[in-house]
Amino acid sequence: MTAALEQKFATLESAEPALFASVGKPDAIRVLLIDDDPIDGEFPTDELSKQGFAVRRFEDGASLLNARDATHDADVIVLHCDRPKISGIDLLVELHQQGINVPVVLLTGQALPSHECLAFDKGAVDVICKSRGSEVLVRRLKGVVRLPSVRTNCSPTDP
């Protein structure tokens, strides 16, 4: 075997499998979507993929926590707020406790101010009501990725 062929074989062996679905754009925003509802979870996955995002979906929070390496390449994590197994806010707290600092956006079916403030206080960068539709979701995720250090705090003691 020639040295060039050996090098090519070694490169192929060491290549890691792609974590995100290929969308044909190397600069696609990489989204980890966690939603344990098989019907609700398909909507944002399909819509974001159509808009050029690279989406990797997890069925529940435990799956994401078990695949912790997935967070290393993610640009943003989208959690569904209102799930019975583990709420998006509880998962957000767990991600931060494990040192995962990828911006997190929460999707919710009910945009109550108290829930939004709690999400922001726990470290979410945005809260989006699903009723706002996919166009709003796409624009807000693009904004989060452009400005990942933006944090909002609803604490009454803030000036």
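Contact here means heavy atoms within 4.5 Å. The model is predicted, so that local features need pLDDT of at least 70 and side-chain atom pairs count only at pLDDT 80 or more, while totals for chains, interfaces and linings use all residues. Residues are numbered from 1 along each chain as its sequence is written, and side-chain values use heavy atoms, with hydrogens and water left out.

**Figure 1. Overall arrangement of the protein.** Among contacts between residues at least 6 apart in sequence, 65% join residues at least 24 apart. The secondary structure comes to six helices and five strands, where helices (H or I, at least four residues) and strands (E, at least two) are DSSP runs numbered from the N terminus. Along the sequence these elements follow the pattern α-β-α-β-α-β-α-β-α-β-α. Of the 159 residues, 39% count as buried, a term that stands for under 20% relative accessible area, with exposed meaning over 50% and partly exposed in between (1.4 Å probe, protein chains only).

Figure 2. Five strands form an open sheet in the order β2-β1-β3-β4-β5, with parallel pairing; two strands pair if DSSP finds at least two bridges between them. Because β2 (54-58) and β5 (126-129) stand at the edges with a single partner strand each, one side of each is left without a neighbour in the sheet. Neighbouring strands are turned by 20 degrees against each other on average, direction ignored, where axes are lines fitted to C-alpha atoms, for helices over the stretch in contact, and angles run from 0 to 180 degrees between N-to-C directions.

**Figure 3. Strands β1 and β3 with the helices packed on the sheet.** Strand β1 (residues 30-34) runs parallel to strand β3 (residues 76-80), and four bridges join them; leucine 32 stands opposite isoleucine 77 in β3. Helix α4 (residues 88-97) packs on the sheet, where it touches β1, β3 and β4 (104-108), and its direction makes about 145 degrees with that of β3. Helix α6 (residues 134-146) also packs on the sheet, touching β3, β4 and β5, with its direction at about 175 degrees to that of β5.

**Figure 4. The buried side of helix α4.** Gly88, Ile89, Leu91, Leu92 and Leu95 are the buried residues of α4. They cover an arc of only 160 degrees around the axis and therefore lie on the same side of α4, the arc being that of the directions from the helix axis to the C-beta atoms. Their cover includes β1, α3, β3, β4 and α5. Glycine 99, which follows α4, has a positive phi near 80 degrees.

**Figure 5. Threonine 71 in its loop.** Threonine 71 lies in the loop between α3 (61-66) and β3, and with a relative accessible area of 6% threonine 71 is buried. Not counting residues up to four places away in sequence, threonine 71 touches Leu32, Leu64, Ile77, Ile100 and Val102.

Figure 6. Four bridges pair β4 and β5 in the parallel sense, and cysteine 129 in β5 is the bridge partner of threonine 108. From β4 the chain crosses through helix α5 (residues 113-121) to β5 in a right-handed β-α-β crossover; right-handed applies if, with the strands pointing away from the viewer, the path from the first strand over the helix to the second runs clockwise.
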